Amino acid sequence: MINILDKTNSIANHFLFEMRNKDIQNDRGKFRNNLKRLGIAMAYEISKSLDFDPEEVLTPLGKKQVNLLSENPVVIGILRAALPFYEGFQFLYDQCDGGFIGAYRKESGEISVNLDYLAIPSIEGRTVILVDPMLATGKSLMQSIEQIKINGNPKHIHIASVVAAPEGIDYISQSLKSEHTIWVYSLDENLDSNAYIVPGLGDAGDLSFGEKK
């Protein structure tokens, strides 16, 4: 299942507009802040699909039944581009367990993905939100999912991205056999010959933190 959030008008479209706009996106602080705000908004949307249990709260004037999360999700970010986006999720799920995966794209003839860092809690039977702002080929996400399964089999995986390419969505849908839902703000046109999303927004990591050597 895929949820494309810009099909519904919301303030989030303003944040993504500024992140895409080549005359605005060079404001590094604004770019990171917009990425964090999109994380908060998407975390809220995903929360609607999680499990809740009824609880009774005692106020100074009486009692009221409310539905509360049965369990906080495990939020896992793919470094480094995910950090501001991840911060938005952590802001909303402030009691969640968290984890990080280090992944980078190595281009030596054929593009390959290297995973060189993994720090995550047990995910056995739990709901996982895997956070990566750009879903291009889908290969790094699939390799990340294979790695996190070392720590257990999750109940459900939510893949959270800002911008995705159809090729990446198709690859995930065909390759991932676990129960999962994909959440994106925008499904863009395609990947170019360098496997970058078109029209996309550029390199989210570089725009957040500066160009890497």
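A residue is called exposed here when its relative accessible area is over 50%, buried when that area is under 20%, and partly exposed in between. Please also keep in mind that you are looking at a predicted model.

With those words in hand, we can begin with the charged side chains. Side chains of opposite charge can pair when their charged atoms come close. In the whole structure, a search finds eight salt bridges. One of them brings together the side chains of Lys22 and Asp23, with 3.7 Å from N to O. Both partners sit in the open: Lys22 is exposed, and Asp23 is exposed as well.

Another salt bridge pairs Lys36 with Glu87, and their closest N and O atoms are 3.4 Å apart. Because Lys36 belongs to helix 2 (residues 28–47) and Glu87 to helix 3 (residues 83–92), this pair ties together parts that are 51 residues apart in sequence. Lys36 has a relative accessibility of 23%, so it counts as partly exposed. Glu87 is also partly exposed, at 39%.

Lys48 and Glu45 form a salt bridge too, again with 3.4 Å between the closest N and O atoms. Here Lys48 is exposed, with a relative accessible area of 54%, while Glu45 is partly exposed at 27%. Finally, look for Glu71, Asp97 and Arg126, which are linked in a network of salt bridges.

Charge is not the whole story of the surface. Tyr44, Phe91 and Leu92 make a nonpolar surface patch of about 320 Å². Phe91, a residue of helix 3, has a relative accessible area of 54% and is therefore exposed.

Which residues of helix 5 are buried? In this helix, which spans residues 166–175, they are Gly168, Ile169 and Ile172. These three lie on the same side of helix 5, because they cover an arc of only 100° around the axis. What do the buried residues of helix 5 pack against? Their partners are strand 1 (2–4), strand 8 (134–135), helix 4 (139–148), strand 9 (156–164) and strand 10 (180–187).

With a relative accessibility of 7%, Thr181 counts as buried. Its side chain makes a polar contact of 2.8 Å with the side chain of His156. Beyond its neighbours within four places in sequence, Thr181 is in contact with Met1, Asn3, His156, Ile157, His158 and Ile159.

The last stops are about the backbone. Most residues other than glycine have a negative phi, and most peptide bonds are trans. Leu79 and Arg80, however, are joined by a cis peptide bond, with omega at about 0°. Arg80 lies in the loop between strand 4 (74–79) and helix 3. A cis peptide bond also joins Val198 and Pro199, where omega is about 0°. Look for Pro199 in the loop between strand 12 (197–198) and helix 6 (204–209).

Ala195 is worth a look as well: it is a residue other than glycine with a positive phi, near 65°. You will find Ala195 in the loop between strand 11 (190–191) and strand 12. Its relative accessibility is 9%, so Ala195 counts as buried.

Methods. Residues are numbered from 1 along each chain as its sequence is written. This is a predicted model: local features need pLDDT of at least 70, side-chain atom pairs count only at pLDDT 80 or more; totals for chains, interfaces and linings use all residues. Side-chain values use heavy atoms; hydrogens and water are left out. Buried means under 20% relative accessible area, exposed over 50%, partly exposed in between (1.4 Å probe, protein chains only). Helices (H or I, at least four residues) and strands (E, at least two) are DSSP runs, numbered from the N terminus. The arc is that of the directions from the helix axis to the C-beta atoms. Contact means heavy atoms within 4.5 Å. A polar contact is a pair of N or O atoms within 3.5 Å; within protein, one must be able to donate a hydrogen and the other to accept it, and residues adjacent in sequence count only if both atoms are side-chain atoms. A salt bridge is a side-chain nitrogen of Lys or Arg within 4 Å of a carboxyl oxygen of Asp or Glu. Patches are made of residues with over 30% relative accessible area and no salt bridge: like charges are joined within 9 Å, nonpolar side chains (Val, Leu, Ile, Met, Phe, Trp, Tyr) within 5 Å. Accessible areas come from the Shrake-Rupley method with a 1.4 Å probe; for residues, only the protein chains shown count as cover.
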